[in-house]
Amino acid sequence: MMSNARYPDWFKARFVTHDEAMKEIVKPGATIASGFATSEPSTFYEGLWDFIQKEDIHDLTIKQALFLAPHPICLGDTLQSEGLLSEWLAENGHSSGFFSGLARRINATTKKLEGLKRLIRHYEELRARRIRLVSAFMGGATNIIIPVNALTLSLYPEYTGRNTTRMGVTDMHSVHFPDALESMGFTADGEPKVDAFVAVMTPPDENGELSHGPANGANSDIIGKMLDDGRVALMLYVNPNYPFTRGWGDAPNTIHIERFRKLAEAKKLYVVEDDHRVPALPARSFENPSPPELAVAEHVVNHIELNKRFTYGRAIQVGLGGTGVLAVRALKNSGWTGRSYTEMLEPFTLDLFEAGKIAGTHFIEKDGRRTMIDGKMVCTFTIAEADSDFYKKIHNNPAIIIAASSRVVIPEGFYHGLGINNILAIDFHGHANSGGRYQNHHSGIGGGAMIFRGLARGGVGYLCLKSTFTGVDGKLQSSIMPFMPQGTPISHVGPDLMGGREGARLYVVTEHGVAQVSGQTQSEFIKAMIGIAHPRFRDWLKEEAYREFRIKV
């Protein structure tokens, strides 16, 4: 039933059922794009794989960054797998004794094997149907690396040690966040690179404005271009559960309903009523962090507190990843105060604002001027845990500014700021990766490089790093290494870390300490990295430093 929102007749005429819209949009040979992360059209992706199978769709390209949920298009029926003894355990699972414990272990093992079998089968069907996922940023639903062991090597030798980016399933599109429009939506000459875009927006308010809700990213740039161009179809979910949020000046987070008229008259607008909850992280995602993550966060906060002369008063930014978010959460009980300017807004930065620790923000105008804004915060997307009240807090909240990544995630926005971000590994050249392991893409570059290059002009930047990780072979390895393994995607290069101007201070932080990297020579940098490496690997790193560079540590 149509909501009570104020829709003009020409817009009402474009309301269709979900199945009708799918039949118009999802066709063989089509390229379909959609929103990123918390702007992902959940209802669309929840039903996409069933629709593809029912309609026997082949030759389809889906452009989507960071699936937040384990949608069937990504995993098939993998999560429905059960162990060989599932039925027995259901009847006798309360039993004690050796056999019960053994049965649980057997069931867990066979469930994993059955799940892996289903996952591989799904990947093979995607390839057989020539269905390609194009992604600028990966998430847990598509970045699973098939482990390397004797069993997987014997069963699935073509897949071991790989994730979808190296299976012919996901086509990685390495692009900086603010460059998404011309990289993924339209060419430099204005030609469409997609046949359809799928988005979720709020119903119109009393002024006829529809809001992008919890995230903008590239949505406003791509949809705005589509509405002017008139050649790309739009499947628009109208969802009253989405928070109504606004932008700033000439960077709005809303679109007036009248702008959809051209697309509607061309019969390329398909509007579907939707009541899905807002995409979010699983409940309690920020709870029970690992001891290394807590230690890294504690080091960051302590360093900020001990160096208040150059850390207080700056505009804080936190990147996607648990360790940085933990540091921001801990700042609430510190003496720090300042401002905010960030790519991502999460609950703990909002807590700092509500506690009076954040006085305001700024915005970069198109001519490069920085406009100072008190009593507000800027971001390009928000993210929260399921079942939290975060989205209610940002609904119609005049303090929240959400704008396109092309206007927010730009280096000049982070000049003289305070950034807390995450990386996965770093080597003796200062090359760091935040988006890959070995040859596999793990996430993506996102806004990381743009932000850190901005912080390198007068800012203070922390790169958070857990000192060890478990490789695909199950062995513990050092995250600080002489050289990146061949084929590793690189996010930052040495000059990004060892440079800096106008008083910039850049640091790498592990659970074993804080090391300044800006202004360092290679020998100084190597010694600093060994000093914060896991003790188990320090002797090896010292040997490698001398063997490769004749540096004695």
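**Group meeting: a walk through the predicted model**

The protein exposes about 22,900 Å², and carbon and sulfur atoms supply 50% of that area. Please keep in mind throughout that this is a predicted model, and that every value I quote has been computed from it.

Let me begin with the overall picture. The protein has 20 helices and 28 strands. Its radius of gyration is 24 Å, close to the 24 Å that the globule rule gives for 553 residues, so the protein is as compact as a globular protein of that length. Along the principal axes, the C-alpha trace spans about 75 × 65 × 50 Å, and of the 553 residues 56% count as buried. If we take the contacts with a separation of 6 or more, residues 24 or more positions apart account for 75% of them. As for charge, there are 59 positive and 61 negative side chains, and the centres of the two sets lie 5 Å apart.

The buried ones are Pro347, Phe348, Thr349, Leu350, Leu352 and Phe353. At the N-terminal end, α14 is capped by Glu346, one of whose side-chain oxygens lies 2.8 Å from the backbone nitrogen of Phe348. Just after the helix comes Gly356, with a positive phi of about 85°.

In the other helix, α19, which covers residues 522–531, the buried residues are Phe525, Ile526, Ala528, Met529 and Ile530. What do the buried residues of α19 pack against? Their partners are both strands and helices: β19 (425–427), β26 (480–481), β27 (505–510) and β28 (513–516) on the one hand, and α18 (494–498) and α20 on the other.

Let me turn to individual loop positions. Thr202 sits in the loop between β5 (196–201) and β6 (209–211). Is Thr202 buried or exposed? Its relative accessibility is 2%, and because buried means under 20%, Thr202 counts as buried. The side chain of Thr202 reaches the backbone nitrogen of Ser211 at 2.9 Å. Once neighbours within four places in sequence are left aside, Thr202 is in contact with Leu210, Ser211, Val238, Asn239, Tyr242, Pro243 and Phe244.

Asp56 is in another loop, the one between α3 (42–55) and β2 (60–63). With a relative accessibility of 46%, Asp56 counts as partly exposed, and its side chain is joined to that of Arg129 by a polar contact of 3.0 Å. Asp56 and Pro28 are 28 residues apart in sequence, while their C-alpha atoms are 9.0 Å apart in space.

Finally, a word on backbone angles. Most residues other than glycine have a negative phi, and I would like to point out two residues with that background in mind. Asn396, although not a glycine, has a positive phi of about 50°; it is found in the loop between α15 (390–394) and β17 (400–402), and with a relative accessible area of 40% Asn396 is partly exposed. Arg550, also a residue other than glycine, has a positive phi near 55°.

Technical notes. Residues are numbered from 1 along each chain as its sequence is written. This is a predicted model: local features need pLDDT of at least 70, side-chain atom pairs count only at pLDDT 80 or more; totals for chains, interfaces and linings use all residues. Side-chain values use heavy atoms; hydrogens and water are left out. Helices (H or I, at least four residues) and strands (E, at least two) are DSSP runs, numbered from the N terminus. The radius of gyration is taken over C-alpha atoms; the globule rule is 2.2 Å times the number of residues to the power 0.38. Buried means under 20% relative accessible area, exposed over 50%, partly exposed in between (1.4 Å probe, protein chains only). Contact means heavy atoms within 4.5 Å. Accessible areas come from the Shrake-Rupley method with a 1.4 Å probe; for residues, only the protein chains shown count as cover. Lys and Arg count as positive and Asp and Glu as negative; His and the chain ends are not counted. The place of a charge is taken as NZ of Lys, CZ of Arg, CG of Asp or CD of Glu. A polar contact is a pair of N or O atoms within 3.5 Å; within protein, one must be able to donate a hydrogen and the other to accept it, and residues adjacent in sequence count only if both atoms are side-chain atoms.
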